[in-house]
Amino acid sequence: MNILVVGSGGREHAIAWKVAQSRLCTGLFVAPGNAGTPGTRVPLQATDVDGIVAFCQTESVELVIIGPETALEAGLADALSAAGVKAFGPTKAAAQLESSKAWARAFCERHGILGPRSASFDDAGAAQAWVADFGAPVVVKADGLAGGKGVIIPADGAETTTAITTLLAAHGRIVIEERLVGEEVSIFGITDGRTVFAMPSAQDHKRIGEGDKGPNTGGMGAYAPAPVCPPALTEQIRIDVLQRAVDGMAAEGTPFVGVLFAGIMLTADGPRVIEFNARFGDPETQALLPLMETDLVEVALACCVGRLAETPLRFSDDVAVTVVLAAPGYPAAPVTGTVITDSHGSLSTASGPPVFHAGTELANGCVVTSGGRVMSVTGIGTNVTEARANAYSRAASIDFPGKQLRRDIAWRAIARTAGGYAESGVDIDAGHETVDRMKAAVQATYNSAVVAGVGSFGGVLDLAELKRYDHPVLVASNDGVGTKVMVGVAANTVAGLGADLVNHCVNDILVQNARPIAFLDYVAAAKLEPVKIAAVVSSMADACGAVGCVLLGGETAEMPGVYHDGHLDVAGTIIGLADRNALLPRIDIVPGDVLIGLGSSGPHTNGYSLLRRVLAGIPLDVIPDGMSVPLGEALLAVHRNYLPVLENLLDNHLPLVKALVHITGGGLLDNPPRILPEGTAAKVKLGSWPVPPLFQLVRDASGLDADELHRTLNMGVGMVLVVAAADAAAVQAEINEDSWIIGEIIEGNRTVTLY
């Protein structure tokens with residue numbers, strides 16, 4: 001059959017787009033349409049009742065779907081029916097539900113449809129007296145049609161007075177209503193005058209500005225379904241509002257056929273009707289019709305012949321988000337006539353997110369703006385986040401000078417679907433379980449100096465021990481284990497990371513001749529796994545206990561989105577005590593002093609970003625040639641703690657030691673300069689210590705030069721002592737393990753040279 005869609009906006013484009021998909025449509029006309037509507041455009045305005053009726057008779061149009069409210073108020077549906085043409089849209093009498101808010105309020109009272117307290121006025125003085133007597137916030141509305149711009153929500157008494165006088169001057173009659181509090185939702189019912197089927201709930205964004213600020217518009221975006229109004233609540237509204245209204249209209253002799261919209265405020269006392277419309281809404285239609293799986297033409301025909309009950313509506317389970325692109329100056333004074341460009345090249349609904357034109361026309365072969373709301377883009381997705389991203393991606397490809405769009409469309413839907421803390425990816429119970437699992441290990445490090453520890457807002461430590469120092473100082477350091485955690489996660493062996501961290505920090509303050517007294521940890525993950533996290537912290541506790549350090553407290557954080565799933569971040573702060581008179585390094589380092597190296601236990605906690613790249617092709621459970629343990633085990637060897645091997649030397653023979661250097665990030669090239677006085681440098685002899693098999697593998701496989709290797713990795717030397725050449729033998733004798741003279745101090749400018 002031949003079908004005519006009446007109207008020129010985005011709503012009518014969406015309707016025509018849906019009609020064009022129908023198996024029943026052989027000829028499609030749109031009057032007057034816009035630059036994007038499918039079918040044949042007819043140069044007739046929506047309110048040209050006689051012209052439209054005549055066109056339908058001439059072109060054998062059998063079904064007319066009426067879009068705008070102005071056509072309904074003009075009696076187009078009545079005239080078409082009288083001419084024998086099926087009209088999907090209510091009669092002028094039935095359309096009073098929209099065309100007169102005062103009439104609609106009275107109708108609701110007659111039929112027990114709940115809404116705000118209200119009154120209608122044509123006199124400003126009477127209106128202001130009613131507001132003063134009412135004594136509560138109100139909404140001021142034009143009684144008749146106002147193109148979506150006849151509602152003012154005043155902020156105070158002065159704005160209320162202005163709203164009353166402004167709308168009375170423009171429209172002659174107003175309705176003042178109690179301002180209801182809650183979220184507003186759009187419910188569209190399709191009806192044949194008896195049966196009502198509800199479409200999924202939708203929400204639109206009426207204000208021009210982001211954050212729901214600025215004047216009302218015809219709508220800057222919409223989404224469906226609305227999480228705030230799930231299917232069960234939608235069904236309740238269908239029964240209590242839509243069906244009651246349709247039954248009431250039939251009882252009063254003005255049966256309603258077409259689309260009945262109810263604007264619903266979801267108040268604390270239940271749903272309340274704030275307005276009725278007698279047709280599809282804009283921009284909700286652009287969000288709802290792409291979700292509709294039932295043939296729209298079949299539905300419209302069923303309504304026209306009173307057989308809707310035989311044609312139930314079906315909608316997909318997807319989500320739709322519609323973003324409106326508006327002209328500069330909208331809504332007050334939109335600028336028109338500017339050319340619209342599209343980096344996709346089509347400005348059409350042919351592929352990807354549908355683009356529905358509204359205020360567009362063709363001029364000199366170009367699509368130009370011709371109205372305030374220029375077009376809209378509808379993104380479809382399995383959830384609101386995906387649909388929203390699809391809509392904004394397509395909207396970004398369309399441009400015209402001064403383009404306005406809101407960047408916060410569907411923000412309420414996203415907020416509603418966030419759920420609780422657990423749905424955000426944070427499991428509070430897992431946090432409690434983690435603390436319970438680690439508590440015993442942490443408390444095992446406590447001594448009589450601990451006043452408050454794990455579970456407190458802050459650790460408290462008694463510092464009476466300071467009294468044994470002549471001039472006590474606190475020495476603190478903060479560090480992490482870097483991307484070594486990624487190797488641990490990949491190998492499912494993370495417990496040692498806690499000891500890595502503690503030992504690293506112990507070494508960092510040991511080089512200043514401080515002894516650890518307290519440690520604070522930080523362990524974070526995208527998702528807390530109590531057993532895994534507790535294992536990390538328990539190994540910290542063991543490492544603290546080995547050096548008499550209290551694991552005083554810390555932070556265990558679950559932060560989805562900050563960290564990759566399955567991965568950890570491990571860091572901590574150590575606090576130590578030292579006597580100021582015994583701090584290292586000393587200032588008497590001179591050329592001729594020698595460097596004594598102590599062996600590392602592996603890469604310690606540095607250089608893993610390079611190691612992971614170099615060794616990416618070898619599975620962690622493989623034992624490479626020349627090594628005696630699997631690669632993963634070698635990479636995850638726990639960072640050494642040098643306090644046990646150096647404590648006797650430092651406590652009893654401190655004058656023999658001029659400086660200690662912990663070989664961490666920066667390796668043998670960048671760490672020794674930290675302790676070198678001006679005018680000195682160092683040279684390190686390659687081959688003066690045995691390079692462990694793992695470092696040999698990295699050296700040989702990577703092809704990196706010596707400087708790059710020794711700037712990134714410790715290459716087998718984890719701690720360096722600076723001593724006078726005459727004292728070297730005595731120092732080595734006090735170290736109960738292998739040590740090597742690996743270099744010497746020379747004149748220079750605080751650099752290290754390999755030779």
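Tutor: Let's start with the packing: the buried residues of helix 6 sit against helix 5 (96-99), strand 6 (118-121), strand 7 (138-142), strand 9 (174-178), helix 9 (231-251) and strand 17 (270-277). Packing here is contact, meaning heavy atoms within 4.5 Å; helices (H or I, at least four residues) and strands (E, at least two) are DSSP runs numbered from the N terminus. This is a predicted model, where local features need pLDDT of at least 70 and side-chain atom pairs 80 or more, while totals for chains, interfaces and linings use all residues. Numbering runs from 1 along each chain as its sequence is written, and side-chain values use heavy atoms, leaving out hydrogens and water.

Helix 6 spans residues 101-110, and its buried residues are Lys101, Ala102, Ala104, Arg105, Phe107 and Cys108 (buried is under 20% relative accessible area, 1.4 Å probe, protein chains only). After the helix comes Gly112, with a positive phi near 70°.

Now the space beside it. The largest cavity has a volume of about 70 Å³; a cavity is a set of points on a 1 Å grid, over the protein atoms alone, where a 1.4 Å probe fits but cannot get out, and lining residues have an atom within 4 Å of a point. The volume is the space filled by probe spheres set on the points. Helix 5, helix 6 and strand 17 each give two or more residues to that lining. Among the lining residues are Lys101, Ala104, Arg105 and Cys108, along with Glu98, Lys141, Glu177 and Glu275. Overall, the lining splits into 6 nonpolar, no polar and 6 charged.

Note on methods
Buried means under 20% relative accessible area, exposed over 50%, partly exposed in between (1.4 Å probe, protein chains only). On a 1 Å grid over the protein atoms alone, a cavity is a set of points where a 1.4 Å probe fits but cannot get out, and a pocket is an open set with protein on both sides within 12 Å along at least five of seven lines; lining residues have an atom within 4 Å of a point. Ala, Val, Leu, Ile, Met, Phe, Trp, Tyr, Cys and Pro count as nonpolar, Asp, Glu, Lys and Arg as charged, and the others, Gly among them, as polar.
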